Every structure is written in C-alpha cells, then in structure tokens.
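Here is a short note to read beside the structure. Take the points in order and find each residue as you go.

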Amino acid sequence: MSKIFYKSSEDIEKIRESSLLVSKTLAEVARNIGEGVKTIYLNKIAEEFIRDNGGVPAFLNYHGFPYSLCISLNDQVVHGFPSEYEIKDGDIVSVDCGVILNEFFGDSAYTFPIGNINAETRKLLEVTKECLKLAIDKAVVGMRVGDVGYAVQEHAEKNGFGVVKELVGHGVGVKLHEKPEVPNYGKRGSGIKLEEGMVIAIEPMINAGKAGVKFWEDGWTVSTVDQKVSAHYEHTVAIKRGKADVLSTFEYIEQVLKQKD
C-alpha cells in the first residue's frame, strides 16, 4: 500500500492556490455553459484559462486521458469526454477539473443544471451538495474515513438515491490521486483515522435511481445502469482540528450563475 503524504502548512497554502485556480476555472465554465454550447468548447476555454493563470491541466494525458476537463452529461457519472455534443435545455452537466500549480494539485467538480430541469433532478443536485457538506463536517482530526463515507451514504439513501461505490474520493496534493481512498459509503468509526496534514478530495457521486454503474468501452466514461441521471460535487479539503479547511470553493461559480439568472 502506498503511503499517505502529510502536508505542511506551507504545502496546504500551495494546494489552496491550486484549488482556487480550479474553482476560478469552473467559474469560467459557468460563464460559458448554456444551451447550444458544445462541451468541447468548454474544454478549450478551461485549458486556456488554466494556462493563462500559470497552471497546467492536471487531467490532460493523465493515464492517457485526452482532455483537460471531465464533462459528464445526464446519466454519465464521471470521466465523460468533451465532444461536439450541444448542450440542451433540461440537461445536467457535471464538470470535473484538476490543476497543477507550483507543483501541487487541486481538484473540484460541480454539476450544472441547464434551463428547466425536473423536480427530481433538482432534488438530486440539492441532496448531493448537502452530502458533500455533511461529509466535510466529518473531515476533522480524530474522525475516520468511514465517518465521512457514512455521512454521504446516510443522507443520499434517506432521500431515495443510489450511492456509487465503484468510484471514490482520494488524497490529493502531491499527486492527483493519493492514499487514503475516501468512499461515499461506510461504517461510522471504521477506516483510516484522519490526521492533521492530510488533504483529501471528497466527491459524492449520487444517482437518481440505482447505485450501479457501467464502464464504457472508451476506458473512461462511467454511466448509471438504469440511465437515470447522476450528480457529482467535489471539494479539496485539508483535515484540521474542530473544523475542516475547504481549499476549493463554489462561490465563484455561484456568483456567475446568479448573474446569469
């Protein structure tokens, strides 16, 4: 088993800078996303924005992934390819972004509702975002990975949604994916103990229907087994005493979305 990389306070500040560039990139996506927009265009503007701000797209060529963003539509859970697809009214678009800045990684994801989405989908987005908040509340010194996962699972399943188990959150900072794995399910009091210096990506992936997923032949895209929609929100979080330090933010994104309404 590979080791956990513990970060100094200086390291964490650098990861914060990288994570905030991810957040600003997602806000740039928010500025440009909408009906009739091709998802490949969002990939282009994100890559340009990252590079213009001194960063490197962390996903591009990672294990051969050919794009700077993962863009997953509707029933796609994660790792979708940007394409010539034109976004439509009623779509939900999950955008996952990673950046390398000053040799440290940041990682965050946001699911964008487009136009008029139905009530069940709106509830899915709200609950998935709530799952992320509840999980972050448990990401403090002395808790365990199982406490974080339990917080997600309990809230999602209570609302009638399926929790993806094949894909997990992870340590982040020195590499894009580090130990420990951070599942979105688990038993309270189980798993690795959370300690100061750990930085993790918490990323609930919640399905409107069944929890099961299928893996596409492209080697990357993952979608729901029942073709119902899926939502994905993610923050990079430093473990602290008493209260987690959330290094990425949705504020930039939500300011843009508010202005567009």
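1. Start with a definition. Helices are DSSP runs of at least four residues, numbered from the N terminus. Helix H2 covers residues 39-52, and both Glu48 and Lys44 lie in it. They are four residues apart, about one turn of the helix. Keep in mind that this is a predicted model.

2. How do the side chains of Glu48 and Lys44 meet? They meet in a salt bridge, at 3.1 Å from N to O. Are these two residues buried, exposed or in between? Glu48 is partly exposed, with a relative accessible area of 38%. Lys44 is partly exposed too, at 46%.

3. Helix H2 holds another such pair. Arg51 and Glu47 both lie in H2, four residues apart, which is about one turn. Their side chains meet in a salt bridge of 3.1 Å, N to O. Arg51 has a relative accessible area of 42% and is partly exposed. Glu47 has 22%. The cut-off matters here: buried means under 20%, so Glu47 counts as partly exposed.

4. Now move to helix H3. Lys133 and Asp137 are four residues apart in this helix, so about one helical turn separates them. They form a salt bridge, and the closest N and O atoms are 3.6 Å apart. Lys133 is exposed, with a relative accessible area of 53%. Asp137 counts as partly exposed, at 44% relative accessibility. Elsewhere, salt bridges with shared partners join Glu13, Arg16, Lys240 and Asp245 into one network. The structure holds eleven salt bridges.

5. Next, the inside. In soluble globular proteins, nonpolar side chains tend to be buried together. Here the largest nonpolar core has 57 residues. Which of them touch the most other members? They are Val29, Ile33, Val93, Phe112, Ile202 and Ile253. Helix H3 (residues 119-137) gives the largest share of this core, seven residues. Another core lies apart from it and has 14 residues, including Ile12, Phe59, Phe105 and Leu176.

6. Look closely at Ile253. Leaving aside residues up to four places away in sequence, Ile253 touches Ser23, Leu26, Ala27, Ala30, Tyr110 and Phe112. Tyr110 and Phe112 are both buried. Their rings also form an aromatic pair. The centres are 4.9 Å apart and the planes are at 55°, a tilted arrangement.

7. There are eight aromatic pairs by the rule used here. One of them joins Phe65 and Tyr67. Their ring centres lie 6.1 Å apart and the planes stand at 75°, so the pair is edge-to-face. Phe65 is buried, with a relative accessible area of 2%. Ring pairs also link Phe65, Tyr67, Phe81 and Trp220 into a cluster.

8. Turn to strand E2, residues 69-73.

9. What does E2 pair with? Five bridges join E2 to strand E4 (residues 92-101), and the two run antiparallel. Leu69 stands opposite Cys97 in E4.

10. Finish with a sheet of three strands. Its order is E3-E12-E11, the sheet is open, and the pairing is antiparallel. Which strands are at the edges? They are E3 (76-78) and E11 (213-215), and each pairs on one side only. From one strand to the next, the twist averages 40°. Two bridges join E3 to E12 (residues 222-224). Val78 stands opposite Val222 in E12.

Note on methods
Residues are numbered from 1 along each chain as its sequence is written. This is a predicted model: local features need pLDDT of at least 70, side-chain atom pairs count only at pLDDT 80 or more; totals for chains, interfaces and linings use all residues. Side-chain values use heavy atoms; hydrogens and water are left out. A nonpolar core is a set of buried Ala, Val, Leu, Ile, Met, Phe, Trp, Tyr and Cys residues joined through side-chain atoms within 4.5 Å. Buried means under 20% relative accessible area, exposed over 50%, partly exposed in between (1.4 Å probe, protein chains only). Contact means heavy atoms within 4.5 Å. Two strands pair if DSSP finds at least two bridges between them. Axes are lines fitted to C-alpha atoms, for helices over the stretch in contact, and angles run from 0 to 180 degrees between N-to-C directions. A salt bridge is a side-chain nitrogen of Lys or Arg within 4 Å of a carboxyl oxygen of Asp or Glu. Rings of Phe, Tyr and Trp (its six-membered ring) pair if their centres lie within 6.5 Å; planes under 30 degrees apart count as stacked, over 60 as edge-to-face and the rest as tilted.
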